[in-house]
Amino acid sequence: MQSSFSSEAIVYTAPDYLDQYGNELNREAIATVRQERLASLFTPSMQPYLGAVESVRDLHSQWFDFAGDTVKIGRADELSAEQQQQFYRALQTFCPWKKGPFELFGVAIDAEWRSDWKWARILPHIQPLGDRKVADIGCHNGYFMFRMADHKPACVIGFEPVAKHFWNFQLLQNIAQQSQLSFELLGVEHIHFYPNFFDTIFCLGILYHHTDPIGLLVKLREALAPKGELIIDCQGIPGDMPVALTPRKRYAQARGIWFLPTQSCLETWMARAGFSQVHSFFAAPLSIEEQRRTAWANIDSLQEFLDPGDRSQTIEGYPAPWRYYLIARKD
C-alpha cells in the first residue's frame with residue numbers, strides 16, 4: 001500500500017513502487033491525486049467498512065494459495081472461536097461480494113461473479129507475468145490481483161476509485177501482506193501518469209462504461225511499454241456488423257452503460273486506437289451461471305435482468321449481453 005497513507009494502524013503499508021519506478025512516472029501527479037482521494041476513505045458512509053477492517057487489523061497469516069480457482073488466505077485453525085466470529089462479521093459488512101470466490105480463514109465466499117472462469121479463459125493466452133509490471137484497471141476487491149501475485153510479477157497496481165473497494169481489498173491485504181500489490185484510488189483516466197510503463201494491462205469489464213472507448217484505448221496503449229500487452233474483456237451484443245448499442249437509460253438494469261459493441265466493432269476500436277496486433281480468443285453469451293445471486297451476494301443478478309419470456313433479450317428489450325475477450329500488443 002502507498003506509504004503516503006497516514007492510517008498505518010489500519011492499513012498494511014507495502015513498499016511504495018514510486019520509490020523504485022518514480023523516475024519513469026508522473027510522480028507528482030500520482031501523489032497529488034492520492035492526497036485528494038484520501039478523504040473519500042473516511043466519509044460517514046465509509047465508517048462501517050473502515051470499522052470492519054479495524055476490527056480484524058491484527059489478524060495475519062503466512063498461509064495463502066492463489067493458484068487455484070478460489071483465492072485462499074489463512075487457515076481456519078489459526079483463529080480462536082471469538083476471532084472467527086469477529087472475522088465473519090467483518091466479512092459480512094462487505095456484502096454483496098461481487099468478485100470471487102474466496103476462502104478466508106476457512107470461510108468460503110461465493111461471490112456474484114465467477115471471476116475464476118474469467119481468469120481461466122485469459123491465462124492460457126497471455127505472456128507469463130513473471131517480473132512484469134502489471135496494471136489491473138477497475139480492480140474492485142483485488143481478486144485478480146491476488147491471482148496475478150501467484151505468477152511473481154514485479155508489481156501489480158490496481159486502479160479503482162471506489163472507496164468501499166479499497167477497504168474490501170485492504171481487509172484481505174492486511175492478512176496476506178503481499179508486497180508486490182498496490183491499490184490506487186485512481187481511475188483509468190489517470191493511466192497517462194504511467195507513460196510507456198506497463199508490460200501488461202488488464203482492462204476487464206470497464207470499456208463499455210466509458211463515453212469515449214477509443215480514446216480510452218489510446219491512453220491504455222500509451223501506458224504500455226514497447227511490446228506490452230493489453231487484455232480486454234468487454235460486454236457487448238451479438239452481430240456481424242461493426243456497430244455498438246447505446247442504451248437510452250439502463251441496460252440489464254445497469255446505469256452507466258454507454259457503448260456495447262459487437263465483436264467486429266470492438267476489434268475495429270482496437271485498430272483505430274493504434275494496435276496492430278489484435279487477437280480475439282473468446283466470445284459467448286453471458287450466462288446466469290457466471291453472474292448470479294448467492295448467499296454472499298443476495299441481490300438481483302443476471303437472471304432478474306433478462307426478459308423472463310425471452311432470455312435472448314434484457315428486460316428493457318435490448319439484445320442480451322455477450323462477453324468478448326481480446327489481446328492486443330503494442331509495436
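**Sheets, packing helices and nonpolar cores**

Leu326 in β17 is the bridge partner of Ile232. Strands here are DSSP runs of E with at least two residues, and helices are runs of H or I with at least four, both numbered from the N terminus. The model is predicted: local features need pLDDT of at least 70, side-chain atom pairs count only at pLDDT 80 or more, and totals for chains, interfaces and linings use all residues. Residues are numbered from 1 along each chain as its sequence is written, and side-chain values use heavy atoms, with hydrogens and water left out.

Strands β11 (residues 224–236) and β17 (residues 322–329) run antiparallel and are joined by eight bridges. Two strands pair if DSSP finds at least two bridges between them. Both strands belong to an open sheet of seven strands, ordered β9-β8-β7-β10-β11-β17-β14, with mixed pairing. Axes are lines fitted to C-alpha atoms, for helices over the stretch in contact, and angles run from 0 to 180 degrees between N-to-C directions.

Ser182 is buried, at 4% relative accessible area. Buried means under 20%, exposed over 50%, and partly exposed in between (1.4 Å probe, protein chains only). Beyond its neighbours within four places in sequence, Ser182 contacts Tyr17, Met145, Val156, Ile157 and Gly158. Contact means heavy atoms within 4.5 Å.

A second open sheet has four strands in the order β1-β2-β4-β5, again with mixed pairing. Strands β2 (residues 71–73) and β4 (residues 102–104) run parallel, joined by three bridges. Lys72 stands opposite Glu103 in β4. Helix α4 (residues 81–93) lies across β4 and β5, at about 10° to β5.

The largest nonpolar core has 57 residues, of which Phe87, Trp97, Trp167, Leu171 and Phe202 touch the most other members. Helix α7 (residues 163–176) gives the most to this core, with eight residues. A nonpolar core is a set of buried Ala, Val, Leu, Ile, Met, Phe, Trp, Tyr and Cys residues joined through side-chain atoms within 4.5 Å. Leaving aside neighbours within four places in sequence, Phe202 has contacts including Trp119, Ile122, Met148 and Ile231. Another core, of 49 residues, lies apart and includes Leu186, Val188, Leu230 and Leu326.
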